[in-house]
Amino acid sequence: MSGEDAPAQQQNAVDQKQETKPAEEPKPEPPKTESAPDGAAEAAATPAAATEKVPEEEAFSYRALVLTGYGGYDKVKLQVKKGKPALKAGEVLVRVKACGLNFADLMARQGLYDRLPSPPVTPGMECSGVVEAVGEEVTDRKVGDKVMVLNRFGLWQEVAAVPASHTFLIPEGMSFEEAAALPVNFITAYMMLFDFGNLRPNQSVLIHAAAGGVGIAATQLCKTVKDVTVFGTASASKHETIGEGGVTHPIDYRTKDYVEEVRKISPKGLDIILDPLGGSDTHKAYNLLKPMGKLITYGAANMLAGQKKNLLAVAKNWYHQFSIHTLSLIQGNKSVCGFHLGYLDGETELITEAMNIILDLYKQGKVKPRIDSTWHLEQVGDAMRKMQERNNIGKVILSTEPMPEEEKKEEPKKEDKKEDKKKEDKKKDDKKKEEPKKEEKKDDKKKEEPKKEEPKKEEAKKEEEKKEEPKKEEK
């Protein structure tokens, strides 16, 4: 039997079965006639649903700041991303309202922060917003919850998918800006002072960059302990503010040697020093500790000099890197600790415990983030410049609220003014550079004038000698 005959014989067998059971013919037919329209309806409905759903998914877009490469402020660009972020189990989708700007973000822009993946990537370690969707296995968060978020990166955008365990409920009365300003600075300050420092009454603390986000958080936390003396370094223009905030002895690091200033007031040294600077300042900090003192180093701000990576500053910082033998620690009765919040992203319980204590202190009115300024995502370059040039007192915030059209129109004018100022500054610098050259030319001219006169004198002498020679011969 060939393969072609088999279907024909099978079909005959089926026909014979149908003939022997005529009563069964109507039974299968009604389901067929009824199911066909349903099937057709489903088939028709499915594409319709798909056509409705696909455009909705595709139409979903959101703005995000993207680090496109390492370098200056212009390397962080505002882009539009398409497609709704997919939620994994245990994640929530947050509609971001405000984002925090941190010193680590400035270092990341220059390629000096190893916890941020290579560009292109969206930076941002903290934000605040509203839960818009909840993934599977999430039981302690619901749509509509106001939350603050702490994450390794990826929060400088309008929507973000994050683990629910990285979110914390915003207390009543706290603004979105304050919520975005709290996680990184206050957790860092709290864990350094209390987990490492074991801060107790009647102790002394040195806080560098006392007007910055961590500096203000640390000062407020020091005030929660009785009779703590706080030394804080900051430029003179910020002393009144940090003094009102709780710094006992403000020191202008630009005009004075902070080591000498501390020694004048506390000859024996200090109990706790928070060092975000690195390099030679870490050596100074260690030598400033009194017996049983603790140095907590948590950064290398001295590496940051200018918009782009300054290899000289980096090399200098590494050259002066602090190192010590354990025997010296034993003999000095001192301790040195290192803190990096970025490497604690897996320690959820530890972070949550610290955050709960901080939020309780906020509810009691003992701590409150200080907002320096709020910028639109379009102004991220100006926001970074303000922080990098140390012009802020408190936290610099990025708002996801779109910039009004009026402000957008003003921006080019501001840019033009900046360009004009740059040109004027350049002209002034060029004039300054040219002035010494002009002076040199004048000096050269003065030097050349005697040289020109010398040949003339020589020629005059020769002429006179020639005139005298015939007279001599006549004689």
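1. Leaving aside neighbours within four places in sequence, Ser128 is in contact with Arg95, Val96, Lys97, Ala98, Val147, Met148, Ile170, Phe176, Ala179 and Ala180, where contact means heavy atoms within 4.5 Å. Ser128 lies in strand 4. Its relative accessible area is 0%, so Ser128 is buried; buried means under 20% relative accessible area, exposed over 50%, and partly exposed in between, with a 1.4 Å probe and protein chains only.

2. The model is predicted: local features need pLDDT of at least 70, side-chain atom pairs count only at pLDDT 80 or more, and totals for chains, interfaces and linings use all residues. Residues are numbered from 1 along each chain as its sequence is written, and side-chain values use heavy atoms, with hydrogens and water left out.

3. For the overall picture, the chain has 14 helices and 15 strands. Helices (H or I, at least four residues) and strands (E, at least two) are DSSP runs, numbered from the N terminus. Of the 475 residues of the chain, 40% count as buried. Among contacts between residues at least 6 apart in sequence, 69% join residues at least 24 apart.

4. Which strands pair with strand 3? Strand 3 (residues 91–101) is largely enclosed by the rest of the structure, because nine of its 11 residues are buried. Seven bridges join strand 3 to strand 4 (residues 126–134), and the two run antiparallel; here Val94 has Val131 as its bridge partner. With strand 6 (residues 159–163), strand 3 pairs in the antiparallel sense over five bridges, and Glu91 stands opposite Pro163. Strand 15 (residues 395–399) also runs antiparallel to strand 3, joined by four bridges, with Leu101 opposite Val396. Two strands pair if DSSP finds at least two bridges between them.

5. Lys395 deserves a separate entry. Lys395 is placed in strand 15 and counts as buried at 4% relative accessibility. Not counting residues up to four places away in sequence, Lys395 touches Gly100, Leu101, Asn102, Glu126, Ala180, Ala181, Asn185, Arg370, Ile371, Asp372 and Ser373. The C-alpha atoms of Lys395 and Glu178 are separated by 8.9 Å, although these residues are 217 residues apart along the chain.

6. A further sheet is open and has six strands in the order 10-9-8-11-12-13, with parallel pairing. Strand 10 (249–251) and strand 13 (335–338) are the edge strands, each pairing on one side only. Direction ignored, neighbouring strands of this sheet are turned by 15 degrees against each other on average. Within the sheet, strand 11 (residues 270–275) and strand 12 (residues 289–297) run parallel and are joined by five bridges. Ile272 stands opposite Lys294 in strand 12.

7. Helix 6 (residues 213–222) packs on this sheet, touching strand 8 (204–207), strand 9 (229–233) and strand 11. The direction of helix 6 makes about 170 degrees with that of strand 8; angles run from 0 to 180 degrees between N-to-C directions, and axes are lines fitted to C-alpha atoms, for helices over the stretch in contact. Helix 6 is mostly covered, with 10 of its 10 residues buried. Those residues include Gly213, Ile216, Thr219 and Leu221. Among the elements covering them are helix 5 (183–196), helix 7 (239–245) and helix 12 (348–363).

8. How do helix 8 and helix 9 pack? Helix 8 (residues 258–265) and helix 9 (residues 280–288) pack at an angle of about 10 degrees, and their axes are 11 Å apart. They are therefore roughly parallel to each other; the classes are under 35 degrees for roughly parallel, over 145 for roughly antiparallel, 65 to 115 for roughly perpendicular, and oblique for the rest. Helix 8 contributes Tyr258, Val259, Val262 and Arg263 to the contact, and helix 9 contributes Asp281, Lys284, Asn287 and Leu288. These residues divide into four nonpolar, one polar and three charged. Ala, Val, Leu, Ile, Met, Phe, Trp, Tyr, Cys and Pro count as nonpolar, Asp, Glu, Lys and Arg as charged, and the others, Gly among them, as polar.

9. Last, the cysteines. The structure holds zero disulfides, a disulfide being a pair of cysteine sulfur atoms within 2.5 Å. Cys222 counts as buried at 2% relative accessibility, and Cys337 counts as buried at 13%.
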